[in-house]
Amino acid sequence: MRSTRAASAVERLNRRAQTQQYSMLKLADERLQLIQRVPGKPMEKIGQPLELDEFVAFVNGHGPQTPRRVSKLDVQFEKNMRNKKSDPE
């Protein structure tokens with residue numbers, strides 16, 4: 001389970017970056033570290049070794065981010081909430 005969450009986070013990062021250049025290292029002390037492999041260059045370690053939850057949060061915040069999908073219903077709901085907050089009761 002540990003490595004599945006971390007591997008999924010790295011896979012999402014590769015998908016967002018549209019490359020397969022990111023991977024992870026699992027160290028002897030069970031911490032994880034993000035690495036970047038670019039052809040023709042040596043492996044580059046990114047960040048510090050982290051525990052699982054910290055690693056997943058770090059990887060999710062690294063690289064390009066996907067825009068949040070917003071439906072028409074979400075927009076209307078937020079508009080209604082703003083109007084409701086501004087109405088004094």
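Before anything else I wrote down my exposure terms: buried means under 20% relative accessible area, exposed over 50%, and partly exposed in between, with a 1.4 Å probe and protein chains only.

**Entry 1: what I am looking at**

This is a predicted model, so I took local features at pLDDT of at least 70 and side-chain atom pairs only at pLDDT 80 or more, while totals for chains, interfaces and linings use all residues. Residues are numbered from 1 along each chain as its sequence is written, and side-chain values use heavy atoms, with hydrogens and water left out.

I looked up the confidence next; pLDDT is the predictor's confidence in each residue, from 0 to 100. The protein chain has a mean pLDDT of 86, and 92% of its residues reach 70 or more. Where is confidence lowest, and where is it highest? It is lowest in helix α3 (residues 72-86), with a mean of 84, and highest in β2, at 93. For these labels, helices (H or I, at least four residues) and strands (E, at least two) are DSSP runs, numbered from the N terminus.

**Entry 2: the sheet**

I went to the strands. Three of them form an open sheet, in the order β1-β2-β3, with antiparallel pairing. The edge strands are β1 (22-26) and β3, each of which pairs on one side only. On average, neighbouring strands of this sheet are turned by 20 degrees against each other, direction ignored. The axes behind that angle are lines fitted to C-alpha atoms, for helices over the stretch in contact, and angles run from 0 to 180 degrees between N-to-C directions.

Two strands pair if DSSP finds at least two bridges between them. I found four bridges for β2 and β3, in the antiparallel sense. I also looked up Ile 35: its bridge partner in β3 is Lys 45.

**Entry 3: the core**

A nonpolar core, as I use it, is a set of buried Ala, Val, Leu, Ile, Met, Phe, Trp, Tyr and Cys residues joined through side-chain atoms within 4.5 Å. How many residues does the largest one have? It has 13, and those with the most contacts inside it are Val 10, Tyr 22, Leu 34, Phe 55 and Val 59. The elements giving two or more residues to this core are α1 (2-17), β2 (32-36), β3 (44-50) and α2 (52-61).

Apart from neighbours within four places in sequence, Phe 55 touches Ala 6, Val 10, Met 24, Leu 32, Gln 33, Leu 34 and Leu 50.

Then I checked Asn 14, which sits in helix α1. Is Asn 14 buried or exposed? At 5% relative accessibility, Asn 14 counts as buried. Its contacts, again leaving out neighbours within four places in sequence, are Thr 19, Gln 20, Gln 21 and Tyr 22.

**Entry 4: salt bridges**

Side chains of opposite charge can pair when their charged atoms come close. My cut-off for a salt bridge is a side-chain nitrogen of Lys or Arg within 4 Å of a carboxyl oxygen of Asp or Glu. The structure holds four salt bridges, and I noted some of them.

Asp 53 and Arg 5 meet at 2.9 Å, N to O. Asp 53 is in helix α2 and Arg 5 in helix α1, so this pair ties together parts that are 48 residues apart in sequence. Asp 53 is exposed at 53%, whereas Arg 5 is partly exposed at 35%.

Arg 31 and Asp 29 form another salt bridge, at 2.6 Å, N to O. Both count as partly exposed: Arg 31 at 29% and Asp 29 at 41%.

Lys 26 and Glu 30 also meet in a salt bridge, at 3.5 Å, N to O. Lys 26 is partly exposed at 49%, and Glu 30 is partly exposed at 38%.

Most residues other than glycine have a negative phi. Which phi does Glu 30 have? Glu 30 has a positive phi of about 75 degrees, although it is not a glycine, and it is found in the loop between β1 and β2. Gln 18, not a glycine either, has a positive phi of about 55 degrees. Gln 18 is in the loop between α1 and β1 and is exposed, at 72%.

Last, I looked up Gly 61 in helix α2, which is exposed at 54%. Its C-alpha atom is separated by 32 Å from that of Lys 85, 24 residues apart along the chain.

Conventions
Contact means heavy atoms within 4.5 Å.
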